[in-house]
Amino acid sequence: NSVIHCVIDFVVKQSSTERVRDILMAILEPTRKEDGCLKYKFFQNLQDQRQFTLIGAWENEDAFEDHLQSDHYRKAD
């Protein structure tokens, strides 16, 4: 078994910044509580607040797939 790492970096429209931040903040805790989640971190660029980065690690591919199918992730997608 190998750890699955996921890094997502994206920039949103200025008008969507607050809404996207709220969505990302809402999935932090449910994701961190998932079985197999080793870490899940959220960052927002201080220089360009439209840029967001999510960094996650899961124990294995099955745990990561479970995350992708979770209700909180699918609502945010």
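How much space lies in the largest pocket? The largest pocket holds about 200 Å³ of space. The model is predicted: local features need pLDDT of at least 70, side-chain atom pairs count only at pLDDT 80 or more, and totals for chains, interfaces and linings use all residues. Residues are numbered from 1 along each chain as its sequence is written, and side-chain values use heavy atoms, with hydrogens and water left out.

**View A. Lining of the largest pocket.** Residues that line the largest pocket include Ile8, Phe10, Val20, Tyr40, Leu54, Tyr73 and Asp77. Two or more lining residues come from each of strand 1 (4-11), helix 1 (17-32) and helix 3 (71-76); helix 1 gives the most, with four residues. A pocket is an open set of points on a 1 Å grid over the protein atoms alone, where a 1.4 Å probe fits, with protein on both sides within 12 Å along at least five of seven lines; lining residues have an atom within 4 Å of a point. Helices (H or I, at least four residues) and strands (E, at least two) are DSSP runs, numbered from the N terminus.

View B. Three strands in the order 1-3-2 form an open sheet with antiparallel pairing (strands pair if DSSP finds at least two bridges between them). Strand 1 and strand 2 (37-44) are at the edges with a single partner strand each, so one side of each has no neighbour in the sheet.

**View C. Strand 2 and strand 3.** Strand 2 and strand 3 (residues 51-58) run antiparallel and are joined by seven bridges. Phe42 stands opposite Leu54 in strand 3.

Methods: Grid points are joined across faces, edges and corners, and a volume is the space filled by probe spheres set on the points.
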